[in-house]
Amino acid sequence: MKKAYLGIDPGVNGALCVIWDDGTIDAYRCPKDIDKMSSLVRSITSHCTVEGYKLITGIERVWTLPRDGRKGAFTFGMNYGMWLGILSSNNIKPKLILPKEWQSMLKRYKIPKDYQDKKRKLKSIAQKYVKFKVTLCTADAILIAKYIKELNHAK
């Protein structure tokens, strides 16, 4: 059976990425409302059903940081919860992945500790895997999907 690997960076400025067995990679910036988020997941699952793909999903297991502030922390947590609810309502049981887990596959790249430098480095690494322009929003989702794919192939 063909497989599709869905990686989700659940932040408000996050994204979804699907790596299809045929080598095609699609990345989508996180929609701004729950209806569009749900519609995007339904579209991906419908495509999988029609084309005979088994969908393997991973979502970054996240929490807030002290620098996030109250409103940012609430929004961040709310978005994460919405993704979990949308996945569950589509009978998708994602693998919850800590950032250090998916970033462990990137050790050879010497990821900086500084947040902004780290984001730029992850963006440049993600760009190596796709033909379209990677943004700071889509980079993590691309790398999460790649991690899910590698994890599945290791079994």
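Strand 2 and strand 3 form a hairpin, with four residues between them. G23 sits in that turn and has a positive phi of about 100 degrees. The model is predicted. Strand 3 covers residues 25–29 and runs antiparallel to strand 2, with five bridges joining the two. L16 stands opposite Y28 in strand 3.

Strand 2 spans residues 15–20 and is mostly covered, with six of its six residues buried.

Strand 1 comprises residues 2–9, and its pairing with strand 2 is antiparallel over six bridges. G7 has C17 as its bridge partner in strand 2. I8 stands opposite L16 in strand 2.

Strand 1 is also mostly covered: six of its eight residues are buried. On strand 4, seven bridges join it in the parallel sense. Y5 stands opposite I56 in strand 4.

| Strand pair | Sense | Bridges |
|---|---|---|
| Strand 1 and strand 2 | antiparallel | six bridges |
| Strand 2 and strand 3 | antiparallel | five bridges |
| Strand 1 and strand 4 | parallel | seven bridges |

Five strands make up an open sheet in the order 3-2-1-4-5, and the pairing is mixed. Strand 3 and strand 5 (95–97) stand at the edges. Each has a single partner strand, so one side of each is left without a neighbour in the sheet. On average, neighbouring strands of this sheet are turned by 20 degrees against each other, direction ignored.

Helix 1 packs on the sheet. This helix covers residues 34–51 and touches strand 1, strand 2, strand 3 and strand 4. Its direction makes about 10 degrees with that of strand 2.

**The aromatic pair**

The structure holds one aromatic pair. W20 and Y53 form it, in an edge-to-face arrangement. The rings are 4.9 Å apart centre to centre, with 70 degrees between the planes. W20 lies in strand 2 and Y53 in strand 4 (residues 53–60), so the pair ties together parts that are 33 residues apart in sequence. W20 is buried, and Y53 is buried too.

Most residues other than glycine have a negative phi.

N91 is not a glycine, yet its phi is positive, about 55 degrees. N91 is found in the loop between helix 2 (69–89) and strand 5. Is N91 buried or exposed? At 69% relative accessibility, N91 counts as exposed, as the cut-off for that class is over 50%.

K110 is likewise a residue other than glycine with a positive phi, near 50 degrees. Its place is in the loop between helix 3 (99–103) and helix 4 (115–127). K110 counts as exposed, at 70% relative accessibility.

**The whole chain**

The protein has five helices and five strands. Along the sequence, they follow the pattern β-β-β-α-β-α-β-α-α-α. Of its 155 residues, 42% count as buried.

How much of the contact set joins residues at least 24 apart? Among contacts between residues at least 6 apart in sequence, the share is 59%. The accessible surface of the protein comes to about 8900 Å². Carbon and sulfur atoms account for 54% of that surface.

Definitions and conventions. Residues numbered from 1 in each chain as written. Predicted model: local features only at pLDDT ≥ 70, side-chain atom pairs only at ≥ 80, totals over all residues. Heavy atoms only, no water. Buried < 20%, exposed > 50% of the residue type's maximum accessible area, 1.4 Å probe, protein only. Contact = heavy atoms within 4.5 Å. Areas by Shrake-Rupley, 256 points an atom, 1.4 Å probe, with all protein chains shown as cover. Pairing = 2+ DSSP bridges. Phe/Tyr/Trp six-rings, centres within 6.5 Å; stacked < 30°, edge-to-face > 60°. Axes fitted to C-alpha atoms, helices over the stretch in contact; angles between N-to-C directions.
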